[in-house]
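Please open the structure in your viewer and keep the selection tool at hand.

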Amino acid sequence: AGPGWDEAFGRYLRELECPAAWPAAPMACVGFLLCEAIRCEYEDEEPRIRDECEAAIREREEDAKRRDEVWALCEAVGLERARFADSDEALLTLVSAAARLREAAEAEVRPLSDDRFPLGFTTGDARADEIARLLRLLYLLDLRRLQDSVNDILIQAQNFVADPKTNTKLGKVGR
């Protein structure tokens with residue numbers, strides 16, 4: 001700094017009404033300048049900062065509401081109530097709850113009436129018709145499980161394809 005720098009800087013601090021004296025307390029002066037800069041920046045950006053804070057608060061409230069809903073679902077299906085560090089853990093818990101609900105739905109025993117599950121043909125023997133109806137439902141259940149597996153594979157493939165990595169060495173995007 002030049003020969004008049006200390007004097008000019010001290011005058012600048014006095015104009016800003018800095019409570020610390022320059023050069024006797026340099027750290028206090030720097031701290032004051034930082035606080036002053038933050039105050040000025042806040043005054044200039046107050047509406048944007050307020051909007052961002054309100055949005056963050058709303059998001060936390062929505063996250064808390066979703067967490068409570070997931071906990072209620074977990075309790076309803078008999079899963080242990082977990083603390084979520086991130087959305088992936090909440091998603092895994094939801095998947096576990098869905099699997100538990102699917103198992104419970106499949107385990108339910110319902111009478112196989114001809115009205116609810118028409119066979120489409122008759123053998124002439126009520127017992128054989130009932131067995132054929134049961135075999136048809138088991139076949140449909142296998143198809144449903146197969147479709148669920150195909151859906152899971154498609155989701156995994158879409159996640160893989162939709163998340164490209166950029167390789168700057170090769171100069172292209174993709175894996």
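Select cysteine 35 first: it is exposed, with a relative accessible area of 54%. In these terms, buried means under 20% relative accessible area, exposed means over 50%, and partly exposed lies in between, computed with a 1.4 Å probe on protein chains only. Next select cysteine 40, which counts as partly exposed at 31% relative accessibility. How many disulfides does a search of the whole structure find? The search finds zero, a disulfide being a pair of cysteine sulfur atoms within 2.5 Å.

This is a predicted model, in which local features need pLDDT of at least 70 and side-chain atom pairs count only at pLDDT 80 or more, while totals for chains, interfaces and linings use all residues. Residues are numbered from 1 along each chain as its sequence is written, and side-chain values use heavy atoms, with hydrogens and water left out.

The tour now turns to charged side chains. Side chains of opposite charge can pair when their charged atoms come close. The structure holds eight salt bridges, where a salt bridge is a side-chain nitrogen of Lys or Arg within 4 Å of a carboxyl oxygen of Asp or Glu.

Select glutamate 7 and arginine 11. Their side chains meet in a salt bridge, at 3.5 Å from N to O. Both residues lie in helix 1 (residues 5–15), four residues apart, which is about one turn of the helix. Helices (H or I, at least four residues) are DSSP runs, numbered from the N terminus. Glutamate 7 is exposed, its relative accessible area being 56%, whereas arginine 11 is partly exposed at 41%.

Is arginine 133 buried or exposed? Arginine 133 counts as buried, at 6% relative accessibility, while glutamate 130 is partly exposed at 28%.

Remain in helix 4 and select arginine 144 and aspartate 148. The closest N and O atoms of this salt bridge are 3.0 Å apart. The two residues are four residues apart in the helix, again about one helical turn. Arginine 144 is partly exposed, with 43% relative accessibility, and aspartate 148 is buried, with a relative accessible area of 17%.

Finally, select Glu36, Arg39 and Glu43 together. Salt bridges that share partners join these three residues into one network.
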